[in-house]
Amino acid sequence: MEYIVTVNGKKLIDTRFLRSVMYGEGVFETFRYRGKLPKHIDQHYKRLTKGAELLKIPKITREDYIFYIEETVKKCKESDDLYVKTVLLSEGNIYFPVVPYKSHLLVIVKPYKEPEKKEISLTVAPFRVHSSDPMLRIKSTSYSRNIIAKRYALEKGCDDVLFLNENGEVTETSSANIFWIKGRFLYTPSVDCGLLPGVTRNVILKKAKDEGFAVVEGRFYLEDVRKADFIFVANALNGIIRVSKIEIL
C-alpha cells in the first residue's frame with residue numbers, strides 16, 4: 001500500500017526527502033566562498049563522501065558537487081563573500097533500516113556575515129558524548145545534540161559549550177574544534193576522544209608545526225585547557241576565534 005504523507009492536512013506530493021527529515025539521514029559541509037571555491041574544497045568533498053559512506057547514502061561525484069555549488073553561487077548577486085552550506089540528502093523507502101537508493105545535493109548560499117564577537121565564552125555541556133559514537137566524526141544533519149547544547153550555553157549567558165566525553169576528556173564545541181597554547185606547545189584533543197576531524201583543524205596543525213610549535217594531539221581534561229596561555233576555537237566558516245573564559249556552571 002502506498003503511504004500517505006500530509007503537511008497541515010494537505011497531501012505532500014514530493015516525498016523524496018522524507019528520510020532526511022524523519023531520521024536526520026544527511027551529511028553537510030559549510031565554508032566561506034570569497035570569490036572562488038576555498039583552497040581546501042577537496043577536503044570538504046572527501047569528508048562529505050566519508051559521511052555518506054557511513055550512512056550508506058549514494059555518493060555524489062566531485063564534478064557534480066563543484067558544479068552545483070558554482071551554479072548556486074551564480075544566482076547570488078548580493079556579494080562575492082558568501083556563506084555556503086552543502087547538504088547531501090537521502091531518498092528511499094521510509095522504513096528506517098532500508099538503505100537509501102538516491103541522493104540530492106542541497107546548496108544554501110547567502111552573504112557572509114562576520115561574527116559579532118572577536119572573543120567568546122564557553123561553558124561545559126550539560127551532558128557527555130561517547131568517544132565510540134561514529135556520528136561524532138562526520139557532519140550529520142542529525143544535529144539535535146548540538147542544538148540542545150548550544151541553546152544551553154546561550155541560556156546560561158555563554159556563547160557555546162565545551163563537550164566532554166565519557167572519561168571527562170575535552171572534545172570540541174558545538175560547531176568548532178578547540179585548541180590551546182602553552183609556551184611553544186599547541187594542544188588539541190585527539191580524534192579518538194570523539195570529535196570531528198575539522199578541515200581547518202588539519203590546516204592549523206600543519207601551520208603550527210611549520211611555525212615551530214610542538215603540536216600535541218592527545219587526551220586532556222578541563223584543567224589542562226584552563227591552564228593555557230591562549231585558547232581558541234576554529235572552523236572553516238569563521239576561522240579562528242579566541243576563547244576568553246570557560247565557565248563551570
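1. Helices α2 and α3. In this predicted model, helix α2 (residues 41-55) and helix α3 (residues 62-74) have axes that come within 11 Å and cross at roughly 115°. The crossing of α2 past α3 is right-handed. On the α2 side the contact is made by Ile41, Asp42, His44, Tyr45 and Leu48, and on the α3 side by Arg62, Tyr65, Ile66 and Ile69. Sorted by class, the residues of this contact are six nonpolar, one polar and two charged.

2. The three-stranded sheet. An open sheet of three strands has the order β3-β4-β5, with antiparallel pairing. At its edges are β3 (26-34) and β5 (102-111), each of which pairs on one side only. From one strand to the next the twist averages 20°. Strands of a sheet pair through backbone hydrogen bonds, either parallel or antiparallel.

3. The pairing of β3 with β4. Nine bridges link β3 to strand β4 (residues 81-91), in the antiparallel sense. For a reader who wants a point of reference on the model, threonine 30 stands opposite lysine 85 in β4.

4. Helices on the three-stranded sheet. Helix α2 lies across β3 and β4, and runs at about 170° to β3. Helix α3 packs on the sheet as well, where it touches β3, β4 and β5; the direction of α3 makes about 35° with that of β5.

5. The eight-stranded sheet. A second open sheet is described here: its eight strands follow the order β8-β7-β6-β13-β12-β9-β10-β11, and the pairing is mixed. The edges are held by β8 (170-173) and β11 (214-218); each has a single partner strand, so one side of each is left without a neighbour in the sheet. Direction ignored, neighbouring strands of this sheet are turned by 35° against each other on average.

6. The pairing of β12 with β13. These two strands run antiparallel and are joined by four bridges. Phenylalanine 232 stands opposite arginine 242 in β13.

7. Helix α4 (residues 144-155) lies across β6 (119-124) and β7 (160-164), running at about 125° to β7.

8. The second largest pocket. How much space lies in the second largest pocket? The volume is about 620 Å³. The lining has 28 residues, and the closest to the centre of the pocket are Thr200, Val203, Ile204, Gly239 and Ile240. By class, the lining divides into 16 nonpolar, six polar and six charged residues.

9. Where the lining comes from. Which element gives the most to the lining of the second largest pocket? Helix α5 does, with six residues. At least two residues each are supplied by β3, α5 (199-210), β12 (230-235) and β13 (239-247).

Conventions. Residues are numbered from 1 along each chain as its sequence is written. This is a predicted model: local features need pLDDT of at least 70, side-chain atom pairs count only at pLDDT 80 or more; totals for chains, interfaces and linings use all residues. Side-chain values use heavy atoms; hydrogens and water are left out. Axes are lines fitted to C-alpha atoms, for helices over the stretch in contact, and angles run from 0 to 180 degrees between N-to-C directions. A crossing is left-handed if the near helix is turned anticlockwise from the far one by less than a right angle, and right-handed if clockwise. Contact means heavy atoms within 4.5 Å. Ala, Val, Leu, Ile, Met, Phe, Trp, Tyr, Cys and Pro count as nonpolar, Asp, Glu, Lys and Arg as charged, and the others, Gly among them, as polar. Two strands pair if DSSP finds at least two bridges between them. On a 1 Å grid over the protein atoms alone, a cavity is a set of points where a 1.4 Å probe fits but cannot get out, and a pocket is an open set with protein on both sides within 12 Å along at least five of seven lines; lining residues have an atom within 4 Å of a point. Grid points are joined across faces, edges and corners, and a volume is the space filled by probe spheres set on the points.
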